Amino acid sequence: MSWNEPGGDNKDPWSGRGDDKKPPDLDEVIRSLQEKLTKIFGGGNGGGSDGGDNNNNSSGNAFSNSPMKGLGLAIGAGVLLAIWGASGFYIVDEGNNGIETRFGQYTVTTQSGLNWHFPSPIGRVDIVNVKQQRFIEVGYRSVSGAAEQGSGSVPKEALMLTADENIVDVSLNVRYQVDNAKDFLFNVANPAATLKQVTESVQRGVVGSNTMDFILTEGRSEIVTKIKAEIQEVMNSYHAGIIVTEVNLQDAQPPEEVQNAFVDAIKSREDKERLINEAQAYYNDVVPKARGAAARKKQEAEGYKEQVIAQATGEVSRFSQLLTEYQKAPEVTRKRMYIEAMESVLSDTNTVMVDVKNGANNMLYLPLDKMLQQQPAVTGNTPQITAEPVASPTPKPIVAEKQPASVDRSAARGRDLRGRSDAE
């Protein structure tokens, strides 16, 4: 029979109930659910409106279900306790430290790996990265947030007074790491803010004890080293658990109002240094050469001195030996001296002596030395020598060239010795 035919129960297949029934009350559903839970844990009676017999039966059922109640409570408590205990496991990554506290008091520092602590609310663990490079910026703010100087300057932090009562604009970048995680968490409320305040104080103290020229020129590295040492000393006195790894002087310049004039002064100073360096280079080039030339001249003079002395000593010795030989054999010594003198005189002259007294002498003279000087370039492997033709078979006498005074004196001395020899 169809649901909408006469005599049917008028139940539509979609709702599952007749049109005359109302939807269940939400309060009743919640109340029935509470009663079922109460019966399971034995916390209520079977019904509140029944007679005494019903009350007695409910009490008996509750009494008979008390072991089941205790077992259920124990199981539930165990499960809850296991879940609570399992929530105490935590993992510390490489480069981090775990700081465990129990009821707010420090207990232990854990290293990387799997660890366990009493879960909340009894215990707590804080993870601190001890390998991370942290940094603070003093006097400027980087645009991208990286540890690089940006365009945003902070005059309140950057402008400070020097020892010579000048104002300078200084920007610093301080890098640091966590050295002790426990001290980093508990000894200082805000370590980064504390480090920044300490840096500003130390920076002003160091800059205020130096002149402006020293800060802007050759004193940069010295100032950075001193600032780093003083910052570390102050943070150690606070037991902040921070180690300063690097301090970078991002910029040091005069205020913007006088920057153009200061740039001109720097250019003048650079020109001065350049000229001094050029002069020093010229000095280093010329002075060693002059010293070397002077030393060479001095050595040449010393050598000439030694040469003259040695020659004079040799002449004196030769004359002494010659005098001894002359006293032993005067004739032989005179002839030998004459021959040596003529050999010395005639060995360096081009004069040719020809005997023309005897007319029958037909000896030809070939100037071989002149011919060798006029020899043309050699072609191939065969040398070619050309000689001038001789006009007459009978050579003409060659007049001896005039010799220097020293040669004439030697010749005269030779003639004198020869005359004496003939006389004897």
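Start by selecting Phe186, which comes out as partly exposed, with a relative accessibility of 40%. On this scale buried is under 20% relative accessible area, exposed is over 50%, and partly exposed is in between, using a 1.4 Å probe and protein chains only. Before going on, remember that this is a predicted model: local features need pLDDT of at least 70, side-chain atom pairs count only at pLDDT 80 or more, and totals for chains, interfaces and linings use all residues. Numbering runs from 1 along each chain as its sequence is written, and side-chain values use heavy atoms, with hydrogens and water left out.

Helices (H or I, at least four residues) and strands (E, at least two) are DSSP runs, numbered from the N terminus. Tyr106 is partly exposed too, with a relative accessible area of 28%.

Next stop, the cavity. Select Glu100, Thr101, Arg102, Thr107, His117, Phe118, Gly123 and Arg124, which line the largest cavity. Its volume is about 40 Å³, and the structure holds 1 cavity of 30 Å³ or more. A cavity here is a set of points on a 1 Å grid over the protein atoms alone where a 1.4 Å probe fits but cannot get out, and lining residues have an atom within 4 Å of a point. Points are joined across faces, edges and corners, and the volume is the space filled by probe spheres set on them.

Which strand gives the largest share of that lining? Colour β2: 3 residues come from there. Both β2 (96-102) and β5 (123-129) supply at least two residues each.

From β5, step back to Pro121, in the loop between β4 (113-116) and β5. A cis peptide bond joins Ser120 and Pro121, with omega about 10°.

Glu165 lies between β9 (159-161) and β10 (167-178), and its phi is near 65°, positive in a residue other than glycine. Glu165 is exposed, at 67% relative accessible area.

Finish at His239, in the loop between α8 (220-238) and β11 (242-253). His239 is not a glycine either, yet has a positive phi of about 55°, and at 51% relative accessibility His239 counts as exposed.

Note on methods:
1 Å grid on protein atoms, 1.4 Å probe; cavity = no way out; pocket = protein on both sides within 12 Å on 5 of 7 lines; lining within 4 Å.
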